[in-house]
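These notes accompany the structure shown below. They are set out as numbered points, each on a separate topic.

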Amino acid sequence: MTIVVQSPGMFTTVQDLGRSRHGVQGVSRAGAADPLALRIGNRLLGNPDNTPALEMTLLGGSFEFPDGAQIVLTGARPAAHPVYQLIEINPGGTLRIGPLETGARCYLCIQGGIAVPLTAGSASAHILSGLGPPPLKKGDALAINAPQGKPIAKPVPAALTAYQKTLRVTRGPQAAQFDETAFYSAEFTVSTDSNRMGIRLEGPAVPTSQQGQMATEGVPLGAIQVPANGQPIILFVDQQTTGGYPKIANVITADIPSTAQLRPRDKIRFQLVTNLEAQTALRLQEELLNQL
Amino acid sequence: MFRYASDQSLFLDVPPSNTDLEALARIPGVVNLHPAYQSVLIVFNPFTTTHEAIEQAASLTASAPSHQPRRHEVPIHYNGPDLDSVAALHNLTRERVIELHASAQYTVAFLGFVPGFAYLAGLPATLHTPRLPSPRKIVPAGSLGIAGDQTGIYPLSTPGGWQLIGHTSVELFNPANTPMSLFQPGDHVRFIPQ
């Protein structure tokens with residue numbers, strides 16, 4: 001079985017849950033920007049969580065299925081199609097996704113999953129390093145694996161599909177260098193210059209309360225760096241592995257899906273939580289997911 | 001010794017040369033390590049372990065690397081676009097900059113920033129040089145740069161603010177290789193002018 005790309009959309013890549021263990025080589029995780037949406041789609045299709053799917057950005061593509069397929073769209077909703085519902089594509093049928101309406105990234109999950117060779121243990125495209133398959137282009141034909149399980153018809157808990165514009169964060173390693181009150185009361189605008197490496201924000205410059213020099217150190221997913229111009233950058237799934245800018249905060253793991261769905265020009269805020277609250281939020285999210 | 005970084009990571013504040021990265025990577029629940037000069041960021045799976053469990057296990061790991069360092073000799077064409085301005089800045093001739101840079105033995109402190117980028121320690125003090133005021137949008141793969149007290153080669157075409165003094169055609173990063181990067185932390189590097 002195959003899927004033929006008639007039009008790739010704006011930026012479409014193959015993604016699974018990413019690639020660990022290569023940070024020492026300077027290679028970051030990659031993987032689905034919204035791992036929750038990918039896992040939900042795979043569970044609805046009876047696929048293992050890590051099954052590769054297509055991640056479409058802002059404008060989805062058009063895909064022909066010569067042999068038909070069972071698919072589920074998750075994440076941001078396209079104008080013309082439902083999300084979180086099984087869609088049966090007849091042999092020879094074409095799926096035209098078009099613009100996404102409720103967020104930045106939509107996952108086209110297919111029963112059986114996209115079959116691409118693994119590089120360093122993952123099917124994910126990591127653009128900077130060239131690891132994984134390159135972004136899709138017109139005319140590409142991707143193989144689809146044979147189904148491993150059966151689709152399930154279960155409603156997806158609403159809390160798992162409600163993306164937030166207030167991101168919860170824990171304190172960053174250099175938080176004391178900044179006026180944190182100003183940061184948490186400010187509204188930021190997502191820059192058009194955002195991608196899988198980093199989400200750039202525009203807003204009132206975050207004031208520095210003390211001059212700090214720091215050594216280059218490792219940066220985790222969701223770290224919020226503030227360079228000298230005071231405009232924060234959220235380091236995202238294709239991130240650099242180390243950085244020399246101070247970090248005021250770090251997006252909690254449970255809010256990485258909401259971060260993935262931020263669109264250029266969205267207005268966002270940050271809310272400070274404790275590590276315990278961050279872990280509780282993640283556990284609750286996982287318990288809801290496990291209802292599927 | 002440990003610092004909180006995020007809900008799925010923490011810093012071990014020791015230089016990578018004083019720890020065993022391979023042993024850290026084997027701690028149950030550890031999914032990634034991001035070493036730097038003075039620290040190792042330990043990323044873990046928050047569903048299977050905690051900050052406390054990682055701290056406990058990491059404090060019991062060895063304080064020396066288990067990796068056997070290798071020696072690399074890298075041919076360099078010292079013809080970078082910033083070679084003349086670096087020479088002028090330090091009041092040296094081009095030839096003297098090349099001689100100084102090629103006479104030192106460098107040690108790979110860590111790989112970071114982008115895939116395969118090795119931060120090399122050991123730049124002679126005479127050559128310590130500030131970054132460019134504004135980074136280049138594209139630095140060609142294989143470019144040899146200096147910044148502050150560091151030197152390094154861009155393995156891939158990326159943006160970058162280091163002053164470029166030379167170029168090599170040696171392949172530094174290839175996803176098909178194991179490990180993917182030619183240089184590994186602790187390795188020794190010498191540059192051979194061509």
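1. Among contacts in chain B between residues at least 6 apart in sequence, 59% join residues at least 24 apart; two residues are in contact if their C-beta atoms, placed from the backbone, lie within 7 Å. The model is predicted, so local features need pLDDT of at least 70 and side-chain atom pairs count only at pLDDT 80 or more, while totals for chains, interfaces and linings use all residues. Residues are numbered from 1 along each chain as its sequence is written, and chains are lettered from A and ligands numbered from 1 in the order in which they are written.

2. Chain B contains 4 helices and 13 strands; these are DSSP runs (H or I, at least four residues, for helices; E, at least two, for strands), numbered from the N terminus. Its C-alpha atoms fill a box of roughly 55 × 35 × 30 Å along the principal axes. Of the 194 residues in chain B, 41% are buried. A residue is buried if 20 or more other C-beta atoms lie within 10 Å of its own, exposed if 12 or fewer, and partly exposed in between, with C-beta atoms placed from the backbone.

3. Chain B is assigned domain 1 (2-58) and domain 2 (71-193), the bounds coming from an automatic or database domain assignment. The C-alpha centres of these two domains of chain B are separated by 28 Å. In the contact between them, 7 residues of domain 1 of chain B meet 5 residues of domain 2 of chain B. The domain 1 side comprises 5 nonpolar, 2 polar and no charged residues. Here Ala, Val, Leu, Ile, Met, Phe, Trp, Tyr, Cys and Pro count as nonpolar, Asp, Glu, Lys and Arg as charged, and the others, Gly among them, as polar.

4. Helix H4 (residues 94-103) of chain B has B:Val97, B:Ile98 and B:His101 as its buried residues. Seen down the axis of H4(B), these fall within an arc of 95°, so they line one face of the helix; the arc is that of the directions from the helix axis to the C-beta atoms. The face turned away from the buried side of H4(B) carries the exposed residues B:Glu95 and B:Ser103. The cover over the buried residues of H4(B) includes helix H3 (83-89), strand S12 (163-167) and strand S13 (188-193) of chain B.

5. In chain A, the assignment gives domain 1 (2-156) and domain 2 (166-289). Their C-alpha centres lie 26 Å apart. The contact takes 23 residues from domain 1 of chain A and 15 residues from domain 2 of chain A. On the domain 1 side, helix H1 (residues 35-44) of chain A provides the largest share, 5 residues.

6. The largest nonpolar core has 66 residues, of which A:Ala53, A:Tyr107, A:Leu108, A:Cys109, A:Ile110 and A:Ile224 touch the most other members. Such a core is a set of buried Ala, Val, Leu, Ile, Met, Phe, Trp, Tyr and Cys residues joined through C-beta atoms within 7 Å. Both domains of chain A contribute at least three residues each to this core. Another core, of 52 residues, lies apart from it and includes B:Leu12, B:Ile76, B:Phe113 and B:Leu182.

7. Between the chains, the contact takes 36 residues from chain A and 37 residues from chain B. The chain A side receives its largest share, 5 residues, from H4(A). By class, that side of chain A has 13 nonpolar, 19 polar and 4 charged residues.
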